[in-house]
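Dear colleague,

Please find below the structure that I am handing over to you. A short account of what was found in it comes after.

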Amino acid sequence: MMVKGIQLQLCGFVTQRWNLKPITSLSFSSLSPISYPNPNPNPSLKLLPTPRTTRFAPFRASSSLQSSGNVRSIKFCQWCGGSTKHDIPDGEEKLRAICTLCGRIAYQNPKMVVGCLIEHDNKVLLCKRNIQPSHGLWTLPAGYLEIGESALEGAVRETMEEANADVEIISPFAQLDIPLIGQTYMIFLAKLKKPHFSPGPESSECQLFSLDDIPFNSLSFSSMVVTLSLYVEDIKAGKPKFHYGTIKKRPGTSPSDIRAYTLDHHMHT
């Protein structure tokens with residue numbers, strides 16, 4: 001597996017799908033930032049700011065990967081109903097909600113979102129959201145992983161629920177962490193088992209888009225912009241890849257504000 005500590009806006013250089021090959025040395029000399037797909041005809045408005053420099057650093061797990069929930073909003077214990085106090089438990093470093101009766105600690109953890117990037121006739125399938133947040137904007141079929149299912153099973157289920165599409169998973173495509181909102185996205189490449197799809201209850205439309213027609217200015221979330229941008233670059237390069245990175249969102253910005261985040265691309269394999 002190639003592990004490269006790289007802080008870029010968007011990039012990706014990888015081996016064949018599913019083939020994770022060990023290497024004995026790494027070279028950064030050939031790496032350079034890849035331009036972000038920008039369908040906006042206004043050149044003064046870019047999807048992502050162009051980095052002035054490219055910085056390299058050893059990859060390490062970030063301690064900032066934690067829930068963005070407000071611990072002070074937890075007033076009562078979920079187990080016994082007792083009132084909580086907000087303190088830092090012995091041996092820990094973070095503020096927690098601690099029950100004053102049973103002593104249990106309410107830990108807040110990130111949510112996992114799973115979904116599919118469906119390839120069909122050199123196009124990708126997108127759904128227009130019929131619910132909030134981001135009502136009326138386009139997204140990949142995706143949603144929260146349920147207890148008792150694998151990430152792959154959840155991605156297939158969400159695709160059926162939102163697009164009435166029965167899919168076959170090809171490979172994992174991207175894992176994107178968003179610490180600010182406490183979410184991790186796991187997106188799989190998939191193909192239609194049958195060329196049939198239609199809007200589910202949470203979608204108002206489902207449509208296949210060619211790469212040049214992907215509505216980047218009308219996508220629902222930063223994760224969707226990043227995922228589809230990486231996919232476009234992969235297809236243009238002619239090589240399937242797996243991407244792992246952290247999306248750094250600016251506090252107080254809209255989920256669909258594509259100028260409000262950057263991507264630290266930690267690893268591509």
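The notes below cover the pocket, the salt bridges and some local features.

This is a predicted model, in which local features need pLDDT of at least 70 and side-chain atom pairs count only at pLDDT 80 or more, while totals for chains, interfaces and linings use all residues. Residues are numbered from 1 along each chain as its sequence is written, and side-chain values use heavy atoms, with hydrogens and water left out.

Pocket

The largest pocket holds about 470 Å³ of space. A pocket here is an open set of points on a 1 Å grid over the protein atoms alone, where a 1.4 Å probe fits, with protein on both sides within 12 Å along at least five of seven lines; lining residues have an atom within 4 Å of a point. Grid points are joined across faces, edges and corners, and the volume is the space filled by probe spheres set on the points. The lining consists of 30 residues, and Pro 133, Tyr 144, Gln 183, Tyr 185 and Phe 221 lie nearest the centre. Two or more lining residues come from each of β9 (142–144), α1 (151–163), β11 (183–192) and α2 (222–237). Helices (H or I, at least four residues) and strands (E, at least two) are DSSP runs, numbered from the N terminus. The largest share, 4 residues, is that of α1. By type, the lining has 14 nonpolar, 7 polar and 9 charged residues; Ala, Val, Leu, Ile, Met, Phe, Trp, Tyr, Cys and Pro count as nonpolar, Asp, Glu, Lys and Arg as charged, and the others, Gly among them, as polar.

Salt bridges

Side chains of opposite charge can pair when their charged atoms come close. The count comes to 7 salt bridges, each being a side-chain nitrogen of Lys or Arg within 4 Å of a carboxyl oxygen of Asp or Glu. In one of them, Lys 128 meets Glu 205 at 3.3 Å, N to O. Lys 128 belongs to strand β7 and Glu 205 to strand β12 (residues 203–210), so this pair ties together parts that are 77 residues apart in sequence.

Glu 149 is buried, with a relative accessible area of 18% (buried means under 20%, exposed over 50%, partly exposed in between; 1.4 Å probe, protein chains only). A further salt bridge joins Asp 234 and Lys 241 at 3.3 Å, N to O, and both of these residues are buried.

Local features

Most residues other than glycine have a negative phi, and most peptide bonds are trans. Between Gln 132 and Pro 133 the peptide bond is cis, with omega about 0 degrees; Pro 133 sits in the loop between β7 (123–129) and β8 (138–139). Asp 121 has a positive phi of about 50 degrees and is in the loop between β6 (111–120) and β7. Asp 121 counts as exposed because its relative accessibility is 59%. Asn 164 also has a positive phi, near 50 degrees, and is found in the loop between α1 and β10 (167–178).

Yours sincerely
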